[in-house]
Amino acid sequence: QVQLVESGGGLVQPGGSLRLSCAASGSIFSIYVMGWYRQAPGKQRELVATITRGGNTNYADSVKGRFTISRDGAKNTVYLQMNSLKPEDTAVYYCNAAPYPGDPGRGSWGQGTRVTVSS
């Protein structure tokens, strides 16, 4: 079992920045890929960005060039640096840790952290 705790959400104006953190504990040796997903009101949960154990990253087209995913292995923590935020980035952001690529459903989810982009 992997436990995930997210932090860093909040209210920010358009064009602003936020950094989300996701700290993993438990059976971290089983983690192959960690990622951030988001769910806006009335929409399905969608991929934002992922990073593998080897450091390979993947981004949704809508966030490329604005968001950066990174990890600190010593702290078992993954970050999502979000710049140039837009109102359409408003959502609950969830951290995921999975043992296999492309299959977040087989992994663990955090409780979610809300990001609101509004003036």
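In this predicted model, Arg19 is partly exposed, its relative accessible area being 47%. Arg19 belongs to strand β3, and although Arg19 and Gly8 are separated by 11 residues in sequence, their C-alpha atoms lie 5.9 Å apart in space.

Strand β3, which spans residues 18–26, is joined to β1 by 6 bridges, and the two strands run antiparallel. Within this part of the structure, Ser7 stands opposite Ser21 of β3. The two strands belong to an open sheet of 4 strands, which follow one another in the order β1-β3-β8-β7 with antiparallel pairing. The edges of this sheet are formed by β1, residues 2–7, and by β7, each of which pairs on one side only. On average, and with direction ignored, neighbouring strands of the sheet are turned by 20 degrees against each other. As a general point for reading such a sheet, the side chains of a regular strand alternate between the two faces.

A further set of pairings involves strand β4. Of the 7 residues of β4, 6 are buried, and the strand is therefore largely enclosed by the rest of the structure. Strand β4 pairs with β5 in the antiparallel sense over 6 bridges, and Gly35 stands opposite Thr50 in β5. The two strands form a hairpin with 6 residues between them, and in the turn Gly42 has a positive phi of about 75 degrees. Strand β4 is also joined to β9, in this case by 7 bridges, and these two strands likewise run antiparallel. In this second pairing, Trp36 stands opposite Cys95 of β9.

The aromatic residues were examined next. A search of the whole structure finds 2 aromatic pairs. In one of them, the ring centres of Tyr37 and Trp109 are 5.2 Å apart and the ring planes stand at 70 degrees; because an angle over 60 degrees counts as edge-to-face, the pair is placed in that class. Tyr37 is buried, with a relative accessible area of 12%, whereas Trp109 is partly exposed, with a value of 32%. The other pair is formed by Tyr94 and Trp109, whose ring centres lie 6.5 Å apart and whose planes stand at 90 degrees, an arrangement that is also edge-to-face. Tyr94 is found in strand β9, residues 91–98, and Trp109 in strand β10, so the pair ties together parts of the chain that are 15 residues apart in sequence. With a relative accessibility of 15%, Tyr94 counts as buried, because the limit for a buried residue is a value under 20%. Through these ring pairs, Tyr37, Tyr94 and Trp109 are linked into a cluster.

The search for open spaces gave a largest pocket that holds about 250 Å³ of space. The lining of this pocket consists of 15 residues, and those that lie nearest its centre are Ile28, Ile31, Met34, Arg71 and Asn76. Several strands contribute to the lining, with β4 (33–39), β5 (46–52), β7 (67–72) and β8 (77–82) each supplying at least two residues. By residue class, the lining of the largest pocket divides into 8 nonpolar, 4 polar and 3 charged residues.

Most residues other than glycine have a negative phi. Asn76, however, has a positive phi of about 50 degrees although it is not a glycine. Asn76 is located in the loop between β7 and β8 and is partly exposed, with a relative accessible area of 29%. Ser84 provides another case, with a phi near 50 degrees, which is again a positive value in a residue other than glycine. Ser84 is placed in the loop between β8 and β9, and its relative accessible area of 41% makes it partly exposed.

Key
Residues are numbered from 1 along each chain as its sequence is written. This is a predicted model: local features need pLDDT of at least 70, side-chain atom pairs count only at pLDDT 80 or more; totals for chains, interfaces and linings use all residues. Side-chain values use heavy atoms; hydrogens and water are left out. On a 1 Å grid over the protein atoms alone, a cavity is a set of points where a 1.4 Å probe fits but cannot get out, and a pocket is an open set with protein on both sides within 12 Å along at least five of seven lines; lining residues have an atom within 4 Å of a point. Grid points are joined across faces, edges and corners, and a volume is the space filled by probe spheres set on the points. Ala, Val, Leu, Ile, Met, Phe, Trp, Tyr, Cys and Pro count as nonpolar, Asp, Glu, Lys and Arg as charged, and the others, Gly among them, as polar. Two strands pair if DSSP finds at least two bridges between them. Axes are lines fitted to C-alpha atoms, for helices over the stretch in contact, and angles run from 0 to 180 degrees between N-to-C directions. Rings of Phe, Tyr and Trp (its six-membered ring) pair if their centres lie within 6.5 Å; planes under 30 degrees apart count as stacked, over 60 as edge-to-face and the rest as tilted. Buried means under 20% relative accessible area, exposed over 50%, partly exposed in between (1.4 Å probe, protein chains only).
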